[in-house]
Amino acid sequence: MNRLIYISKVFVGGILLLLLTIVISTGSVTGSPGGGDPIGGIASKDLMAPQGDEVLLVFNYRGVGGVYVTGFYDYSVDKMFLPILELFDLLQIYYEPSPGDFTLTGTYLSPDQPFRIMVTQQQVFLKGNVYVFDADDFRIGEMDFFASPRVFEEVFGLFFTINLNQLSLALETDHTLPVEKAAERARLRQMIESRDVNRILYPLVYDRDRRIAGIGFADYNISGGFSADNPSVSFNIIGGAELLGGDIQGSLVGSWSGHAHLLRASNLRWRYVVRDNPRFSTFQAGQMSTTGIQPRSIRGVSVSNDPVEPRRIFESYVVDGTTEPDSEVELYLNNRLIDFQRANEIGYYRFEFPLTYGTTQLVINIFTPSGEALQIDRRIQIPFTFLPPGEVAYNIQGGQTEVFLGEGEKEKWLIHGDVAYGITEWLTAKAGTEYIQRITEDRPFFYGGLSARVMSQYLLNLDIAPDGFYRGIASVMYPTGRSINLQYTYYQDNPFYSMGGAEQDAQITFFSPFTLFRIPMGVRIGADHQMLGNSSATRYRADLSMRVGRMNIRGNYRDALFLFEDDYVFGRGLLTGSLTYTFMRSPGLPVFVRGMFLRGNVSYSIPESAMEDISLQMTRSLRQWGRVNLDVSYDFRNEQTQMRLGLIMDLASFRSTTNLDLRNDRAVIRQNLRGSLGFDRNPDRVVASNRNQVGRSGASVILFVDNNNSGTFDEGDEIIPYRAIRLDRSAQIFVGRDGIVRINQLQSYFRYNMEVVRQALPNPLLAPGKDNFSFVADPNRYKRIEIPFYRTGVIDGTVFMIRDDERRPQGGLRLIINGLDNEFRETVRNFSDGSYYAMDMPPGKYSIEIDPTQLDFLDAYMPGGAIVFEIQALAEGDFLENFDIHIVARPPGDDKPETLTKADIAAIEEVISVVLRKRKEIETGDGFSVEAGIYTTPYHAGRVRNLLSNQFGIQFHIRHHEVYHLYVVFSEGVKNIDDAEGILEELSAGGFNLATVARFSKNWLRRIVE
């Protein structure tokens, strides 16, 4: 009886609402007129079907995941009905319900396909078509409209299958639904954000930890050759540690052969590094190389401001153009989608993105509304010698030369310095000077250079050294992969800078890929030419390569031509061919050939018209730790056969290489051991590795259950021995026998993002105290990182409805829980007695609210809006019990949309502009917020907030203007202004005419949610 009274009230309220002639059905001050048709046909009470129950069905679909939906089973007709609003919410089909007249309006798949569902008339309108159904195809619930699967199938092409035995719901359709498009956009955005050029650093929790002294790493390489007549052993040990806030390293080299012994130290240097300082970054003392036009080994000191982490982003690059209006335009860099947009009403599109050093393959894909696909290819090269505009880089070195070619009787003093400046985005200049005692005529030697990029793909480089040489370099790489490189050098009368004594030299290289008979091929041609007085030497070569299935074929020809005053001589004229083939790991092949690699090589001398040598190499892996090599060759000129049998064992602690060489009647066994030892403190442990670590860094990550809630690892805390972390850069991660996660091969002084992967833990109730953070790798040692874990929290309570001063439990509701300082998002249902619970909640702040759609159906509201609560970080977990929620029924006629005149809209826009101007004055550095619109009811603001949060993958919020009773929908902080403007463009294209961008403040948001 209460349900019928409620439905009759809603029915009467709907009729009164229609009589008010609503102009703005969406509730937005910029909305369009709308209204409902007069109610006719079957009376609403005939659709209630009291002989039925609500049934929870498990629904799985792409982009939705596994969720529960509420079906309605009517015993009187033995039929299951599906919830329209709930399914449309999950599938992100846009709709606007009108509970008063039992209608539903919206758009299906695209804005040009509007639909209207009239439940009481059993009619559905979709894009001009009318579908008429029976009374047994619809039901009216307390908080949703229900329809039979036939309605979804015939109108929308959604084929639902219900399994009552398993209480499951499945969907098949030929359409790409909005939820799938949103999931794909989210995936693409995740790929875009994961790119290193758009790298967003997490909060820095572990900064550089400088120490006076600390034991670090030691790399070793020991080799021995054992034969009957000449055994020998050699070794190279490199050590690295921390010293005086910097890092130090050096090597000890030794050998033994018969009665000869050698032992010496080399490459000893100390370095002090400062991050993120454009004026000074590195000071070195010891053995090093200069950075001049010809690097030289010295013992001395150096100062530089080159960044510790090499520059990756060169400049902000703009690509724009025109095409057909409303075309979809995608931008790919190096085969990775980094941005996409829709051309505007005149067909204009514009991308702005960071351009990185190296070669960038740029592809623009355009999909016109008529179905035509266009592609634009570009290739952009940015050499590492280029500097961003306005940036300055310098290097200064000084000291004594090491062993000096041609002047070995004693060391010489050397001073060198260079400075480079980015003039524009396409031009960089460099100048330097060098003084070498008794070499440069006891005066400084000056040089300079220009690096230019012309028309994006042509690179020009000019080096001018008046006392040494003049050099020009030009190169180009086309989108097809074809490339040309040219270099010419003219030497003055200074043999010191022309080691070969050449007066001039020139090089040219040409490469072009092509396809012949559907076989990918490539040809490379190159030549080097040197002029030495009255003679010259020209060396030329040509390569042809192709790939047929799993087989690679390559041919090479190289020769030389030497010209004298009255004679000439050709070189060897050698023609070589090679073929490589890798066997599949197919079960149909014999075990011993699965995954085997074969390589055959043959050489032929054209001048002698004879074979020179032939060889065959076979390689096969042994599980995950080893590899066997067999190499057999025959030298036709010397009539010698050589065979090498090798075994490579790549173990976790070291790498071993054993070779047996057989040449005619002589046998030699060679053994090599290579690896590294690292000292890890707290607890003290020596960690062995098969890869070199000196000069690099490591980290020991302790995942533990913080039993005493101290936030640090103490006695009694439980270590979690699982690899449940992820870095944003490559590294070697493993779990030690002590349960500590260790990371090797980190770059010293680099900043890394670390993320905790909860899915890798066996206990789903554990949550980290910090899940996303960054750290700076300390040189030549393991950095200690502690991550406490706490058991997740639980919240439970009851939802009560207050109507006519009477409080009763209200069941069948969807409660939306959002993390305010984490990424937790969950929708839970309460039971028929009004109770609810939510589990597995990491520590942090949250908000909880009733689904605005259901509140509108109940004609109720939550006093004060969403409720904010906190789950504390406790080892035993935080339990919030009896966390009750109250909703209040609205009095008749309360908070209904009113007809707004143009003057009202203008006044509201003026108020909002004042609000936005105040927002822009908040310069807190917390990013940018996108204002989506202003609405007259909290229901419509909530609908827009939920829609946009799902579409863009970021959280939107609602602010209530207490004086004018308006509701502003705005996003949380977006770090990049370009991303914020991209969201703004999509909103404007979708009809959000009042959307704008303003500064975002976390403090401002905190005042809103609290």
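This is a predicted model: local features need pLDDT of at least 70, side-chain atom pairs count only at pLDDT 80 or more; totals for chains, interfaces and linings use all residues.
Reader: What does the secondary structure of the protein come to?

Author: The protein has nine helices and 68 strands. It has 1010 residues, and 42% of them count as buried.

Reader: How much accessible surface does the protein have, and what share of it belongs to carbon and sulfur atoms?

Author: The accessible surface is about 51700 Å², and carbon and sulfur atoms account for 55% of that area. Contacts give a further view of the protein: among those between residues at least 6 apart in sequence, 55% join residues at least 24 apart.

Reader: How is a pair of aromatic rings described?

Author: Two quantities describe such a pair, namely the distance of the centres and the angle of the planes. In this structure, a search of the whole model finds 30 aromatic pairs. One of them is formed by Phe88 and Phe152, with 6.4 Å from centre to centre and 85 degrees between the planes, which makes the pair edge-to-face.

Reader: Are Phe88 and Phe152 buried or exposed?

Author: Both Phe88 and Phe152 are buried. They also belong to one aromatic cluster, whose members include Phe59, Tyr61, Tyr95 and Tyr108. Phe115, Phe156 and Phe160 are also among the residues of that cluster.

Reader: Which ring has the charged end of Arg729 over it?

Author: The charged end of Arg729 sits over the ring of Tyr752, at 5.9 Å from the ring centre. A further case is Arg807, which lies over the face of Phe800, 3.7 Å from the centre of that ring.

Reader: Why does Thr580 count as buried?

Author: A residue is called buried when its relative accessible area is under 20%. Thr580 has a relative accessible area of 11%, and therefore counts as buried. This residue is part of strand 38 (residues 574-582). Leaving aside residues up to four places away in sequence, Thr580 touches Arg550, Met551, Asn552, Phe597, Leu598 and Arg599.

Reader: Which residues make the nonpolar surface patch of about 830 Å²?

Author: The patch is made by Val392, Val419, Tyr421, Ile423, Leu450, Leu462, Ile464, Tyr470, Tyr488 and Tyr490. Strand 27 (413-424), strand 30 (458-465) and strand 32 (483-491) are the elements that give two or more residues to the patch. Strand 27 supplies the largest share, three residues. Ile423 lies in strand 27, and its relative accessibility of 40% makes it partly exposed.

Reader: Which strands hold Arg541 and Asp528?

Author: The side chains of Arg541 and Asp528 meet in a salt bridge of 3.7 Å, N to O. Arg541 lies in strand 35 (residues 535-548) and Asp528 in strand 34 (residues 519-532), so this pair ties together parts that are 13 residues apart in sequence. Arg541 counts as partly exposed at 33% relative accessibility, and Asp528 counts as partly exposed at 26%.

Reader: Which residues do salt bridges that share partners join into one network?

Author: The residues of this network are Arg208, Asp209, Arg211, Glu242, Asp778, Arg781 and Lys783.

Note on methods:
Residues are numbered from 1 along each chain as its sequence is written. Side-chain values use heavy atoms; hydrogens and water are left out. Rings of Phe, Tyr and Trp (its six-membered ring) pair if their centres lie within 6.5 Å; planes under 30 degrees apart count as stacked, over 60 as edge-to-face and the rest as tilted. Buried means under 20% relative accessible area, exposed over 50%, partly exposed in between (1.4 Å probe, protein chains only). A charge sits over a ring if NZ of Lys or CZ of Arg is within 6 Å of the ring centre and within 35 degrees of the ring normal. Helices (H or I, at least four residues) and strands (E, at least two) are DSSP runs, numbered from the N terminus. Contact means heavy atoms within 4.5 Å. Accessible areas come from the Shrake-Rupley method with a 1.4 Å probe; for residues, only the protein chains shown count as cover. Patches are made of residues with over 30% relative accessible area and no salt bridge: like charges are joined within 9 Å, nonpolar side chains (Val, Leu, Ile, Met, Phe, Trp, Tyr) within 5 Å. A salt bridge is a side-chain nitrogen of Lys or Arg within 4 Å of a carboxyl oxygen of Asp or Glu.
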